[in-house]
Amino acid sequence: MIDRVVTSGTFSLDGGTWEVDNNVWLVGSGREVVVVDAAHDAAAIAERVGDREVRAIVCTHAHNDHIDAAADLAALVGAPVLLHPADQVLWEMVYPDLPYTPLRDGEVLTAGGVELTVLHTPGHAPGAVCLHAPGIGAVFTGDTLFSGGPGATGRSFSSFETIIESIRERLLPLPGDTVVHTGHGDSTTIGAEAPHLQEWLARGH
């Protein structure tokens with residue numbers, strides 16, 4: 001149901017550039033998948049896809065490290081790229097002229113019998129989304145929630161108060177055994193992260 005490809009490249013914003021490893025998630029079946037976050041290496045992602053149909057390439061947000069392979073992958077596999085339009089300003093930093101299909105909060109995507117519900121979770125970026133797949137007990141959080149706390153909010157177009165509200169209102173109410181598949185690093189669970197909300201508030205990041 002779930003494959004992971006780890007790709008490496010750089011993240012750039014506000015005049016800085018950092019080396020990063022990204023998780024690319026393939027969710028679906030042996031016949032068709034949704035790709036979550038086409039990062040850095042379209043060829044490596046397409047190789048993992050194999051002969052499966054790609055129903056959509058979903059961007060959890062439009063920071064360049066999460067979308068820099070989206071156009072090339074779309075061309076390779078013939079799939080649409082989906083993004084919440086609140087991230088238009090970030091998208092245009094990478095793709096000034098490339099259209100995408102707008103994502104809506106509450107929209108349900110399907111691949112291989114897996115339903116993914118779009119949760120708009122701004123904070124790390126204005127158009128950040130998570131994808132909740134209750135049928136397989138998983139949520140794909142991009143850079144909204146990690147093992148150990150919220151995603152970074154110290155750069156342009158981000159807000160600590162907003163990401164905390166998104167996590168508290170949209171993610172922590174999910175069942176505690178829901179596996180959190182993140183944009184970078186190890187997976188965790190809602191139950192493992194929920195008790196630490198006050199700690200995150202106290203440290204302020």
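This report covers model confidence and salt bridges in a predicted structure.

**Confidence.** The chain has an average pLDDT of 97. A score of at least 70 is reached by 100% of the residues. Among the elements, strand β9 (residues 129-133) has the highest mean pLDDT, 99. Helix α7 (residues 197-203) has the lowest, 94.

**Salt bridges.** The chain has four salt bridges. Among them are the pairs tabulated here.

| Pair | N to O distance | Relative accessibility |
|---|---|---|
| Arg52 and Asp3 | 3.0 Å | Arg52 17%; Asp3 26% |
| Arg55 and Glu32 | 3.4 Å | Arg55 36%; Glu32 16% |
| Arg104 and Glu107 | 3.9 Å | Arg104 53%; Glu107 17% |

Arg52 pairs with Asp3 in a salt bridge. Arg52 sits in the loop between α1 (42-49) and β4 (53-58), while Asp3 belongs to strand β1 (residues 2-13), so the contact ties together parts 49 residues apart in sequence. Arg52 is buried, because its 17% falls under the 20% cut-off. Asp3 is partly exposed.

Arg55 forms a salt bridge with Glu32. Arg55 lies in strand β4 and Glu32 in strand β3 (residues 32-36), so this pair ties together parts 23 residues apart in sequence. Arg55 is partly exposed, whereas Glu32 is buried.

Arg104 and Glu107 also meet through their side chains. Arg104 is exposed, because its 53% is over the 50% cut-off. Glu107 is buried at 17%.

Notes
Residues are numbered from 1 along each chain as its sequence is written. This is a predicted model: local features need pLDDT of at least 70, side-chain atom pairs count only at pLDDT 80 or more; totals for chains, interfaces and linings use all residues. Side-chain values use heavy atoms; hydrogens and water are left out. pLDDT is the predictor's confidence in each residue, from 0 to 100. Helices (H or I, at least four residues) and strands (E, at least two) are DSSP runs, numbered from the N terminus. Buried means under 20% relative accessible area, exposed over 50%, partly exposed in between (1.4 Å probe, protein chains only).
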